[in-house]
Amino acid sequence: MGTGHFFWVIFYFASLCSASLANNAKINFREKEKKVLDQILGAGKYDARIRPSGINGTENLPTYVYVNMFLRSISKIDDYKMEYSVQLTFREQWTDERLKFDDIQGRLKYLTLTEANRVWMPDLFFSNEKEGHFHNIIMPNVYIRIFPNGSVLYSIRISLTLACPMNLKLYPLDRQICSLRMASYGWTTNDLVFLWKEGDPVQVVKNLHLPRFTLEKFLTDYCNSKTNTGEYSCLKVDLLFKREFSYYLIQIYIPCCMLVIVSWVSFWLDQGAVPARVSLGVTTLLTMATQTSGINASLPPVSYTKAIDVWTGVCLTFVFGALLEFALVNYASRSDMHKENMKKKRRDLEQASIDAASDLLDTDSNATFAMLRQCEVHMQAPKRPNCCKTWLSKFPTRQCSRSKRIDVISRITFPLVFALFNLVYWSTYLFREEEDETF
């Protein structure tokens with residue numbers, strides 16, 4: 001056997017020995033970790049029912065629990081039920097002097113548990129929660145870390161459906177503030193106090209996406225409450241959501257404008273096209289009513305008037321006004337026709353009487369009759385000029401009767417009034433939106 005070959009054999013055996021020693025060291029280290037757990041959590045050594053003492057082991061001071069969270073997702077914000085769903089990683093940290101242990105010269109950084117009932121836990125609950133559940137796939141998403149100085153870190157992933165009372169007066173130009181409230185259920189502030197962890201206590205995932213809202217900002221605050229049984233510590237997070245208006249612009253506002261403009265086509269149709277004008281008016285009215293019903297079906301029945309109610313109500317009024325305008329035009333047309341017939345009969349009678357008189361009277365009588373008619377015309381009182389009648393009188397009488405003038409006036413009046421309404425509507429609600437932003 002050569003010297004080189006002998007050297008490699010020695011090296012191989014040395015590697016095996018070092019690996020065996022390392023494995024034994026790991027096994028011994030895990031054994032020490034087990035002994036530490038048995039030492040601090042063994043039977044008769046730790047009672048999870050007893051609250052930890054205060055700072056520096058002071059018994060008459062409350063236990064301080066520091067809270068922070070990581071918002072993983074916000075799945076939906078329901079306007080009808082006034083609630084929202086959120087998934088978060090929730091963390092609590094406190095100090096329990098009874099859990100101190102030897103860190104083996106810094107080698108044992110912390111102990112990890114997966115059973116929350118092994119140590120004392122704060123009795124925190126979410127006061128505005130409707131539904132909630134833990135995540136258990138593949139294993140329960142929870143852990144407890146115990147540090148050598150007795151500090152305990154509790155972390156768990158949970159999904160919650162929380163109540164969010166909304167003010168929909170500016171809907172859909174509104175902003176909503178939804179809160180997440182956490183409080184102690186049984187321990188008063190004399191025994192337990194919740195505090196926000198210093199330095200960014202609430203974190204939000206960077207790629208947070210909501211279909212109809214944008215999370216503008218959030219604010220952490222305290223909300224301690226006093227009841228007959230004492231004062232209880234409470235924390236809250238206020239989330240400011242701004243509604244995305246582009247969806248409602250495309251789905252509601254533009255279609256309503258189109259329906260109102262289509263109803264004005266009736267003003268340009270001939271007044272004798274009764275089936276066409278009636279069909280157009282009734283169709284746009286029913287479509288607008290269906291659109292309004294669909295909008296109200298997705299919103300709760302509140303007692304106040306919303307911005308969308310003002311919009312749909314005025315648009316429905318314009319469509320209904322266009323239908324009533326045709327009824328007025330039809331009535332005026334029949335009235336004009338009746339007057340025209342009466343004038344024709346009167347002219348025929350006058351012509352017949354003149355013809356009869358011309359046979360009986362001579363030329364002098366005819367001259368006298370003409371002078372009397374001329375005097376009658378000159379004795380009529382002069383009328384004051386009217387700008388509207390002067391403008392309308394430019395249209396020939398046969399081509400622009402009273403019914404036709406109604407259509408001409410409507411062609412100008414309806415668009416002008418609707419444009420004025422849009423100016424007032426958008427300036428009012430956009431200004432109120434900025435004014436009501438008191439977050």
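## Helix H3

In this predicted model, helix H3 has a buried set made up of Arg277, Leu280, Gly281, Thr284, Met288, Thr292 and Ile295; buried denotes under 20% relative accessible area, exposed over 50%, and partly exposed the range in between, with a 1.4 Å probe and protein chains only. An α-helix has 3.6 residues a turn, so residues three or four places apart point the same way.

Helix H3 covers residues 274–297, and its 24 residues should span 34 Å at 1.5 Å a residue; the end C-alpha atoms are 34 Å apart, which agrees. The expected span is taken as 1.5 Å times one less than the number of residues. Helices (H or I, at least four residues) and strands (E, at least two) are DSSP runs numbered from the N terminus.

## The four-stranded open sheet

Four strands, in the order S4-S8-S14-S11, form an open sheet with antiparallel pairing. Its edge strands are S4 (124–126) and S11 (213–222), each of which pairs on one side only. From one strand to the next, the twist averages 20°, where axes are lines fitted to C-alpha atoms (for helices over the stretch in contact) and angles run from 0 to 180 degrees between N-to-C directions. Two strands are said to pair if DSSP finds at least two bridges between them.

Strands S4 and S8 run antiparallel and are joined by three bridges, with Leu124 opposite Ser184 in S8. Strand S8 (residues 175–184) is largely enclosed by the rest of the structure, because seven of its 10 residues are buried. Nine bridges join S8 to S14, again in the antiparallel sense, and Ala183 stands opposite Cys234 in S14. Strand S14 (residues 234–243) also pairs with S11, antiparallel over nine bridges; here Thr220 faces Val237 in S14.

## A parallel pair

Strand S1 (residues 63–78) pairs with S9 in the parallel sense over five bridges. In this pair, Thr63 stands opposite Leu192 in S9. Strand S9 (residues 192–196) has four of its five residues buried, so it is largely enclosed by the rest of the structure.

## Annotated transmembrane regions

The unreviewed UniProt entry places the feature "transmembrane region" at residues 6–25, 245–269, 310–333 and 412–431. UniProt positions follow the numbering used here, feature names are shortened, and annotations may be inferred rather than shown by experiment.

In the model, residues 310–333 are 100% helix and 0% strand, with end C-alpha atoms 34 Å apart. Residues 412–431 are likewise 100% helix and 0% strand, and their end C-alpha atoms lie 29 Å apart.

## Whole chain and confidence

The protein chain contains seven helices and 14 strands. Of its 439 residues, 34% are buried. Among contacts (heavy atoms within 4.5 Å) between residues at least 6 apart in sequence, 77% join residues at least 24 apart.

The chain averages a pLDDT of 81, and 76% of the residues score at least 70; pLDDT is the predictor's confidence in each residue, from 0 to 100. Over residues 19–27, pLDDT stays under 50 and the model has zero contacts beyond four places in sequence. Residues 395–399 also stay under 50, with three contacts beyond four places in sequence. Where pLDDT is low, the predicted coordinates should not be read in detail.

Local features need pLDDT of at least 70 and side-chain atom pairs count only at pLDDT 80 or more, whereas totals for chains, interfaces and linings use all residues. Residues are numbered from 1 along each chain as its sequence is written, and side-chain values use heavy atoms, with hydrogens and water left out.
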